Amino acid sequence: MQQPIVCLDPGHGPGTVNGSPDGLYKEREFAWDLSQRIRPLLEARGIRVAVTRSEHTKPGLAERAQCSNRIGADLFLSLHTNAAGNGGWYSARGFLAYTGAPGAEAGRNRAAAAIRDRMRAAGVVIHGSGLAHNGYTVLVKTEAPAVLLEYGFHTSREDAALLKDGAYRNKLAEATARGACDFLGVPWESGPDGGLRERVQARFGLSAATMDYLEAYPYGGDLLDKLARAE
Ligand SMILES: [Zn+2]
């Protein structure tokens, strides 16, 4: 594969009402914002990124698939959050990836599983197995392996609180980008800091929570650099 291409599809757009029952969380804003957090993580690793919409546009579903088909994307990711019930708060929670049809060997399902696994490793709550199938237009009309990612239920009080949080969005963006890299065969370590976090974590056998703590420290970057070089 030369330079892989990922097509990001932030769900919905202006005028759509999908969001938390208290009105404080909007799916369209989350989807756009998350696409802008995922994009640089992929680009830093030499992946070309196309986005199906701008912040203020709402293309049709077939148009979104067409955007991916036109550029010959290697992976299509539609970004969403889920809803349960019919108004009000519900208990259903967690991350769920949809593909158009089963088949463990199919690219769409390998990609979905890779992202699901990275979500689980990052400590994100997973809904059931985290994998499901549905004939959504953007999944069946897209030629590239296509996955629709539901990053949580905005009808859950717990999930909605997390989905509004910038640090949590960064975690989701990184897990998505890592899963995409796993699927595309792009080493995460090819990123700008040479996978500093991963090297330190592996070398000292630290937990993800400890790594988050170290990175949040004011001189965390320098500290990680020293730890990675220490004899
Ligand atoms: Zn949606």
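This is a predicted model: local features need pLDDT of at least 70, side-chain atom pairs count only at pLDDT 80 or more; totals for chains, interfaces and linings use all residues.
Colleague: Is E27 buried or exposed?

Modeller: E27 counts as buried because its relative accessible area is 1%, which is under the 20% cut-off used for that word. E27 is also listed with F30, A31, W32, D33, L34, S35, I38 and L42 as the buried residues of helix 1.

Colleague: What do the buried residues of helix 1 pack against?

Modeller: They pack against strand 1, strand 2 (48–51), strand 3 (75–82) and strand 6 (146–153), and also against helix 5 (157–163) and helix 6 (166–184). Helix 1 lies across strand 1, strand 2, strand 3 and strand 6, and it runs at about 145 degrees to strand 3. As for its length, helix 1 has 17 residues and reaches 24 Å from its first C-alpha to its last, close to the 24 Å expected at 1.5 Å a residue.

Colleague: Turning to the sheet, what order do the strands have?

Modeller: The order is 2-1-3-6-4-5 in an open sheet of six strands, and the pairing is mixed. Strand 2 and strand 5 (126–133) stand at the edges with a single partner strand each, so one side of each has no neighbour in the sheet. From one strand to the next, the twist averages 20 degrees.

Colleague: In what sense does strand 3 pair with strand 1 and with strand 6?

Modeller: Strand 3 pairs with strand 1 in the parallel sense over five bridges, and strand 3 also pairs with strand 6 in the parallel sense, over six bridges. To pick out positions you can find in the structure, L8 has L77 in strand 3 as its bridge partner, while L79 has L149 in strand 6.

Colleague: How many residues of strand 3 are buried?

Modeller: Eight of its eight residues are buried.

Colleague: Which residues of helix 2 are buried, and what do they pack against?

Modeller: In helix 2 (residues 61–71), the buried residues are R64, A65, C67, S68 and N69. They pack against strand 1, strand 2, strand 3 and helix 4 (137–140). Helix 2 is followed by G72, which has a positive phi, near 65 degrees.

Colleague: Now R45: where is it, and what does it touch?

Modeller: R45 sits in the loop between helix 1 and strand 2, and it counts as buried because its relative accessibility is 11%. Leaving out residues up to four places away in sequence, R45 touches C181, V186, P187, W188, S190, G191 and P192.

Colleague: Last one, which domains does the domain assignment give?

Modeller: The assignment gives domain 1 (5–188) and domain 2 (193–229). Their centres, taken over C-alpha atoms, are separated by 27 Å.

How values were computed:
Residues are numbered from 1 along each chain as its sequence is written. Side-chain values use heavy atoms; hydrogens and water are left out. Buried means under 20% relative accessible area, exposed over 50%, partly exposed in between (1.4 Å probe, protein chains only). Helices (H or I, at least four residues) and strands (E, at least two) are DSSP runs, numbered from the N terminus. The expected span of a helix is 1.5 Å times one less than its number of residues. Contact means heavy atoms within 4.5 Å. Domain bounds come from an automatic or database domain assignment. Two strands pair if DSSP finds at least two bridges between them. Axes are lines fitted to C-alpha atoms, for helices over the stretch in contact, and angles run from 0 to 180 degrees between N-to-C directions.
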